Structure formats: C-alpha cells, structure tokens
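This report describes a few local features of one protein structure. Please look at the sequence and the structure below before reading on.

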Amino acid sequence: MSEPHHANSGEKIQLTRALKSRHIFMLSLGGVIGTGLFMGSGVTIGSGGPMGAILAYLVAGLLMYLVMVCLGELSVQMPVSGSFQAHATRFIGPATGFMIGWVYWMSWASTVGLEFTAAGMLMTRWFPDVPIWLWSGFFVVVLFSLNALATRAFGEAEYWFSGIKVAAILGFIVVGVLVIFGAIPLNSGEAAPGLSNLMSDGLFPNGLSAVFAVMMTVVYAFQGCEIMGVAAGETDQPEKSIPRAVRNVVFRVLIFYVLAIVVLSCIVPWKQAGLMESPFVQVFDMVGIPYAADLMNFVILTAILSVGNSGLYASTRILWAMSKTGMAPRKLSKLSARGVPLYALLISLAFALLSLLTSIVAADTLFMVLMAVSGMSGTVTWIVIAYAQYRFRREHMAKGGTVADLKYAAPLFPLIPIACIAICCSLFVFLALDPTQRPSLYWGFGFMAACYLAYYVLKRKRGQVLTDEAVPSLG
C-alpha cells in the first residue's frame with residue numbers, strides 16, 4: 001500500500017508500508033557504517049594492534065549476525081512498528097517492553113542531538129565565518145523535513161546517505177590494495193608495505209586484555225543494525241524484504257569493515273594509527289589524492305546526517321508504538337495526513353535539542369547520565385531481542401508449531417539466542433573491570449531499574465497501564 005488507510009473505526013490512520021527492500025537494506029547497512037569506522041578505526045588499531053582489531057571486528061560481526069537472525073525471525077512473524085519493543089511486550093512481559101522502549105527512545109534521541117552539533121562543526125572547515133549553531137539549526141530543519149514529509153522521503157534520503165558511505169569505503173579499499181602491492185606509489189618514495197605491518201610486533205602487541213577493551217568499542221560501532229526491525233511495520237512485503245536484508249547486510253558489513261581495517265593496518269604502522277584524526281585521510285594523503293581531507297570531511301558529514309536521520313526515525317517510531325499501548329501519552333499516537341507520527345516526531349526532536357543543551361550546561365551531571373544510558377542501551381536491546389526470540393520459538397513449538405511453519409527462522413535454535421545473550425553479558429563484565437567505564441554501568445542499570453519501577457507505579461495508579469493493543473497478535 002502506498003497511501004495511509006483508515007482502520008475499521010474510520011478514525012485511525014495507520015503507518016504506510018512505503019519502504020522497499022532496497023530501503024531496508026541500506027537502512028540496516030547505513031546504521032552500522034558511521035563515524036565509528038571513519039574516525040574511530042585508528043584508535044581501535046592503535047589500542048588492540050592490527051590482528052587484535054581484526055579479531056574484534058570479526059567477533060562483533062558474529063554478534064551482529066546473531067542479533068539480526070533473531071530479529072529477522074521476530075520481524076517477519078510480527079512486522080509491527082516498534083519492533084523489538086512490541087516483541088518484548090508480547091513474549092517477555094509488558095514491564096520489559098516499557099523499559100526497553102523508553103531506554104531505546106532516550107538513547108537515540110540523545111544521539112540525534114549530538115549529531116546536529118557534530119555536523120555544524122564539520123561545516124566550519126568550508127565556512128569558518130558561519131557560526132556552528134546556524135549550521136546545526138539548518139540540519140535540524142533538513143532532518144525534520146525528511147522525517148515529516150513521508151516515510152518514503154526518509155527512506156530515499158537514507159538510501160543515498162548510506163550509498164555515499166559505502167562508495168567511499170569501496171573506493172578506499174581499492175586504492176589501499178593498490179598501495180599495498182605497489183601499483184600506486186607512496187609520496188614518500190618508500191617501498192610498497194605489503195603485509196609486513198600486520199605481524200611486525202606479534203599477534204597482540206598490547207596483550208589480549210587490550211583486545212577485549214577494543215571489542216566493546218567495536219560492538220558499539222555495530223549497534224544500529226536493529227533499526228531494520230523498527231522499520232518492519234512500514235516495509236512493503238516484510239516476509240521477503242527482511243530475510244534478504246539480514247542475509248546481505250551481515251556479510252557485506254563484515255566485508256567492508258574487516259577489509260577496511262586490514263588495508264589500514266597494512267599501510268599505516270599500528271603505533272601511529274591512533275594519533276591521527278582519521279586514518280582514511282592519512283592514507284589518501286600518503287598517496288597524494290588531492291583534497292583528501294575535504295573528501296573525507298564530506299563523507300563524515302554524510303555519515304553524521306545518516307545517523308541523525310535514522311535516529312530521528314527510530315526514536316519517533318518507538319515513541320509512537322508505545323503511545324498506541326498506553327506506555328506513552330496517547331496523543332502521540334496521532335498521525336498526519338501523510339501517515340507520519342508528527343507529534344512523536346516533534347517530541348523526539350525536542351528531547352534531542354534538550355539533550356544537546358545539557359552537553360553545555362550540565363555536562364558533568366545530566367549529560368553524563370544520558371550518555372551512559374545511550375552507551376548501554378544497544379547491548380541491552382540486543383539481549384532483549386535474543387531473549388524475545390527464544391521465548392517466541394519456545395511458545396511456537398509448545399503450541400505444536402514447527403520450524404517449517406515459519407516464514408523465516410533463525411538457524412541452530414536455541415544456540416543462537418543463548419550465544420547472543422552470553423556474549424552481550426560478557427561485555428558488561430569487561431565494563432565492570434574497567435574503572436573508567438564502570439560508572440556507566442551504575443547509571444545505565446539504574447535508569448533501567450527506574451523504568452521498571454515507573455511501570456509498576458503507573459500500573460498501580462491506573463489499575464492497568466496497557467490496553468489489549470499492547471500484546472500484538474502474530475502475523
């Protein structure tokens with residue numbers, strides 16, 4: 001369906017299924033290719049060493065695969081907007097659905113606020129006399145417009161944002177391989193590096209513990225792939241689009257990330273990798289590509305706008321889905337004539353701007369709490385997705401269903417959801433062992449506990465927080 005349609009009551013307008021297979025694929029792909037790769041990969045290599053960084057990306061990629069197949073099974077069976085929040089409500093419990101919905105919403109809304117400032121700062125490279133706040137305001141209007149016009153407008157914008165990032169990575173990999181084997185000479189006149197930098201100081205020059213620390217950073221870089229599930233309720237033919245996205249995204253992300261890290265590690269000595277602002281710029285400069293810094297500035301700007309665009313979409317849809325079930329104010333469930341949850345979009349954008357304000361006026365208090373919850377939310381979301389899929393499959397089998405009945409089934413059940421949960425929980429152990437990151441555990445788990453408490457307080461106050469719509473039926 002391409003236009004909003006009215007429900008049986010004649011008053012409710014449903015979300016449109018305007019996203020095609022290519023939109024879902026690029027949305028998932030773009031969600032995990034961002035500044036973490038373009039800006040943070042040098043630090044990753046410098047901290048864990050070349051082989052340590054490659055191992056970290058491989059393990060994080062495996063974890064992403066586990067999450068994606070679990071989410072794929074749930075999203076095909078229940079293709080609803082709100083995705084894992086609705087799945088958690090249905091298969092784990094309304095309290096967990098309430099908690100993960102608000103944690104995920106706050107995380108993305110906070111992240112969106114930071115992207116506006118980051119985009120404004122990047123523009124000062126080309127327009128140094130224009131205030132950052134002016135550019136930030138311009139990008140606020142742009143992203144709001146893309147999300148407010150129609151779902152299709154959002155999908156098209158994200159398709160091209162992601163396309164630019166993918167093209168930049170592919171171009172870098174091609175140039176890098178030619179440099180490694182001497183087809184493109186270095187400006188310095190040095191011989192082609194070959195593979196010598198990969199093992200020059202052993203497998204793990206900073207020890208295995210450094211690899212574990214790097215792994216946490218890499219996993220955070222991969223978080224965002226679950227946006228595919230949030231978009232399931234607006235996906236045309238989800239039973240075809242979602243399995244295709246799961247298959248394609250995981251392996252292509254691994255190829256892009258791992259090959260890019262291998263190329264970087266071969267060209268740039270690992271001890272120097274963490275010293276540069278962007279190792280991609282460094283490599284382009286080493287081979288004399290003109291305007292390398294400007295090219296990468298444009299790519300990073302695109303990556304930031306892509307994150308902001310996806311984050312605004314995800315937070316809006318999660319808030320809208322919760323409002324439909326009484327977990328958020330009912331007024332937010334109203335849709336515009338174009339089938340866009342405009343009130344939920346406005347609230348999400350307002351919170352994004354408020355979170356941006358806290359980075360200036362309350363950086364050591366409220367802003368720190370927001371960032372701690374945001375940092376943990378992705379991992380907790382992955383745990384919830386895996387556990388919801390585990391509970392769904394157990395319920396399905398208990399009712400006499402078989403794997404053959406499912407339009408898309410995660411393989412190796414129950415190994416995959418259990419492995420996903422175990423790996424995610426191990427990340428919290430690593431956080432607890434790091435004194436500098438330990439406070440994020442306190443704030444993150446504290447906020448989640450507060451969400452559970454708020455749910456039961458509201459339930460007791462109202463008698464019943466949720467309506468029958470809170471437990472969606474299976475598709």
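Is Thr-89 buried or exposed?

## Basis of the model

This is a predicted model, in which local features need pLDDT of at least 70 and side-chain atom pairs count only at pLDDT 80 or more, while totals for chains, interfaces and linings use all residues. Residues are numbered from 1 along each chain as its sequence is written, and side-chain values use heavy atoms, with hydrogens and water left out.

## Helix 4

Thr-89 belongs to helix 4 (residues 84-91); helices are DSSP runs of H or I with at least four residues, numbered from the N terminus. Thr-89 is buried, since its relative accessible area is 4%. Buried means under 20% relative accessible area, exposed means over 50%, and partly exposed lies in between, with a 1.4 Å probe and protein chains only. A polar atom of the Thr-89 side chain lies 2.9 Å from the backbone oxygen of Gln-85.

Gln-85 is also placed in helix 4 and is buried, with a relative accessible area of 3%. Its side chain reaches the backbone oxygen of Gly-97 at 3.2 Å. Beyond neighbours within four places in sequence, Gln-85 is in contact (heavy atoms within 4.5 Å) with residues including Phe-98, Ile-318 and Met-327.

## Helix 7

Helix 7 covers residues 151-180, and its 30 residues should span 44 Å at 1.5 Å a residue; the end C-alpha atoms are 43 Å apart, which agrees. The expected span is 1.5 Å times one less than the number of residues. Just after helix 7, Gly-182 has a positive phi of about 85°.

## Trp-126

Trp-126 sits in the loop between helix 5 (94-123) and helix 6 (132-149). Trp-126 is partly exposed, at 31% relative accessible area.

How values were computed:
Helices (H or I, at least four residues) and strands (E, at least two) are DSSP runs, numbered from the N terminus. A polar contact is a pair of N or O atoms within 3.5 Å; within protein, one must be able to donate a hydrogen and the other to accept it, and residues adjacent in sequence count only if both atoms are side-chain atoms.
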